[in-house]
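The following note sets out points for a colleague's reading of the model. Please consult the sequence and coordinates alongside it.

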Amino acid sequence: MRIIVLVKPVPDPEKYNELRIDPETKRLVREGVQTVINPTDKNALEAALVLRDGRIAAGEDSSVTVLSMAPEFSRDKLVECLAMGADDAYMLSDVAFGGADTYATSYVLAEGVKKIAAEKGENFDLILAGNESADGATAHVPVQLAEWLGITHISRVCSLEAEGETLRAVKRSEDVLLTFEGEGQAVFAVTRDINKPRFISAMGIVKARKKPLSIWTNEELGLDESAIGLEGSPTQPGRLITPELGRAGRPLLADEDATAEDAAKAIRALLGKEGF
Amino acid sequence: MNFNFTEEQEMLKAAFAEFAKEEIAPNAAKWDEENHTPLDLMPKMGEMGILGVFVPEQYGGVGLGHTERVMALEEIARYSAGLAMMVFTHQLGMAAILDYGTEEQKMKYLPGMCAGTAICGLAVTEPGGGSDVAGQKTEAQLVDGQWVVNGRKCFITNSHCGTATVITCRTGEDEKGRSTFSCIILEAGTDGYGPGREENKLGLRGSMTGELIMNNARVPEENLVGEVGMGTPIAMKEIGEVGRASMAAIATGILRGCLEDAVKFSKERIVYGKPISRLQAIQFHIAEIRCDYEAARLMTYRAAAVKDEGKPAAAEFSMAKYFATEAACSASKRLIEIMGGYGVVNEYAAGRYHRDALGCISSGGTSEIQKIIVAGDTLKKY
Ligand SMILES: Cc1cc2nc3c(=O)[nH]c(=O)nc-3n(C[C@H](O)[C@H](O)[C@H](O)COP(=O)(O)OP(=O)(O)OC[C@H]3O[C@@H](n4cnc5c(N)ncnc54)[C@H](O)[C@@H]3O)c2cc1C
């Protein structure tokens, strides 16, 4: 079983107070903010590693390949995926890919998937991804990627099992769980409750030194520049609004000797006036 | 000169930190209060590659160095200095086997110890005084191809959970009539060998510290580590470099705890309508803690880097151990002061940091002993 896992380096969610949005391009300014692997992508990688190890334990050949479209400075995030246990990694990195919306991003990723298959001379069986990224949170990319590739996709997957060639995925939808069973190529977008990603071990980090990590620019992919990056992105961000969250306290009781009872009455009166 | 970790070391640090935050931080206060030793974490730390990080791969380790070992200890001690004590003493015994053991001993003991399924230790201190190494009374005699060991060790970390412990024993005397010592491995379950009393400690709780009693304990001749009569140099080399590096790293971890908690508390505590972090008196405390942390860190990692270069680093580790442990005592006292009444409430970690820091002073050799070593080195070099 050949598994590809999509991974996106995102600004560390714990450092969101340091994030800015460029008023011109209306995109996140990522420079200078520490990046981490998108949290649910780690869940996707964990699910892939478990599936792979299950296959290997059953005497089959199986591998996990990590794929990311990201600036080259986040190469270390892919090394982290290798340290977690992935077998190899591909990074699609070119200024021409920059400024892409989910449509152009998923297109580049789909072309990356095809090129990996061509390179290896062997098609993939499964693509796993986090359901959404912590920064954009659109949840578009896995679905769009599947559409570009013309294969099945299931999102919000909270459980994934393999039995022979059959895959069983459980999707959380509102307050029901839907179980899907089937065979063949598919994209699964997983949620964080699917598993607890393993820790990265020192052994894993040392092993990652020897694992292949390829960086492809558009020279290797050869995509038409009008279909990628900012130019290939139909999304037009609208006006940027910062909501006013100012709250002003107003004294309800002027009298310093007022009791709790007085306060309760005043609050009830106020609520009544507001229509509660 | 480059003071930065490599990209790989940064990744390791982050991995160790994540493990410590998830597996250690939530439980550290409980282990301290209940004096519980989390033995179930040993295999997990084995899987993480923490225990055998400095051991070559052929013996089940990761094949990295002492810088990485120190890094792991700092991350563990950031939340639990007690657990870090257990880990480092385990590594101290492993280092003796790795550096001086036979190939058979390395193959027999190290893989399990790297995995955390076996627990090691190094026992030197006796009731007659830890500083007086030459005064040890535990004795081993070779009888019919077996070492017969008699004596008592005290203040030994992992005394009650060790599966194989390297023990220094008097095995003869030199031409001037002075005792000579040898290192011998004793395995748990050996007749005549076992733990005695377990200490109820002020700090570093969560690690077991206690006695080991040998009463005609018989072990095979091949349990000798290194050569007969080499026990003191072996123990001193390992305690001097691996042991003190660890104590310096543990104190550095405590210092970081003090720093992070001081900043957090002082920003959140509102007095006179504003956070106390705006008060200069509090800022001065914070500045002192920061300087202590940075200095301890630099001294500790530099000493580890010297060792990883294969150079002697005993004086560097003594300086780092002395400075960092004393600094941890004063920084934790400052943290208690910053926190006012909350500083002495056991719901907060400040008191534990202080008790742990005090516990670090004598382990690995007291401050006086470190100063004697540093002075000796200084008078030779300058
Ligand atoms: C938590 C903990 C864990 C430990 N784990 C281990 C372990 O795993 N294995 C092990 O072998 N030991 C262990 N020890 C023992 C430790 O190494 C000793 O406590 C230390 O060597 C000091 O020995 P002592 O306690 O007997 O003090 P003593 O040697 O009796 O010292 C008492 C006082 O005299 C001073 N002093 C002694 N000699 C001199 C001198 N020449 N000049 C000036 N001052 C001097 C000391 O500085 C100290 O202030 C541990 C100790 C602790 C607290």
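Which residues in H4(B) meet H8(B), and which residues in H8(B) do they meet?

1. Basis. This is a predicted model, in which local features need pLDDT of at least 70, side-chain atom pairs count only at pLDDT 80 or more, and totals for chains, interfaces and linings use all residues. Residues are numbered from 1 along each chain as its sequence is written, while chains are lettered from A and ligands numbered from 1 in the order in which they are written.

2. Helix contact. On the H4(B) side, His66(B), Thr67(B) and Val70(B) meet Thr300(B), Tyr301(B), Ala304(B), Ala305(B), Lys307(B) and Asp308(B) of H8(B) (contact: C-beta atoms, placed from the backbone, within 7 Å). By class, this contact has four nonpolar, three polar and two charged residues (nonpolar: Ala, Val, Leu, Ile, Met, Phe, Trp, Tyr, Cys and Pro; charged: Asp, Glu, Lys and Arg; polar: the others, Gly among them).

3. Helix geometry. H4 (residues 66-79) and H8 (residues 280-308) of chain B pack at about 150°, with axes 8 Å apart (axes are fitted to C-alpha atoms over the stretch in contact, and angles run from 0 to 180 degrees between N-to-C directions; helices are DSSP runs of H or I, at least four residues, and strands runs of E, at least two, numbered from the N terminus). H4(B) is therefore roughly antiparallel to H8(B) (an angle over 145 degrees).

4. Ligand shell. Among the 22 residues around the ligand, Thr125(B), Gly130(B), Ser131(B), Thr366(B) and Glu368(B) come nearest (near: C-beta atom, placed from the backbone, within 6 Å). The shell divides into eight nonpolar, 13 polar and one charged. Because domain 2 (122-228) and domain 3 (233-381) of chain B both give residues to this shell, the ligand lies between them (bounds come from an automatic or database domain assignment).

5. Chain contact. In chain A, 11 residues are in contact with 15 residues of chain B.

Note on methods
Angles under 35 degrees count as roughly parallel, over 145 as roughly antiparallel, 65 to 115 as roughly perpendicular and the rest as oblique. Two residues are in contact if their C-beta atoms, placed from the backbone, lie within 7 Å.
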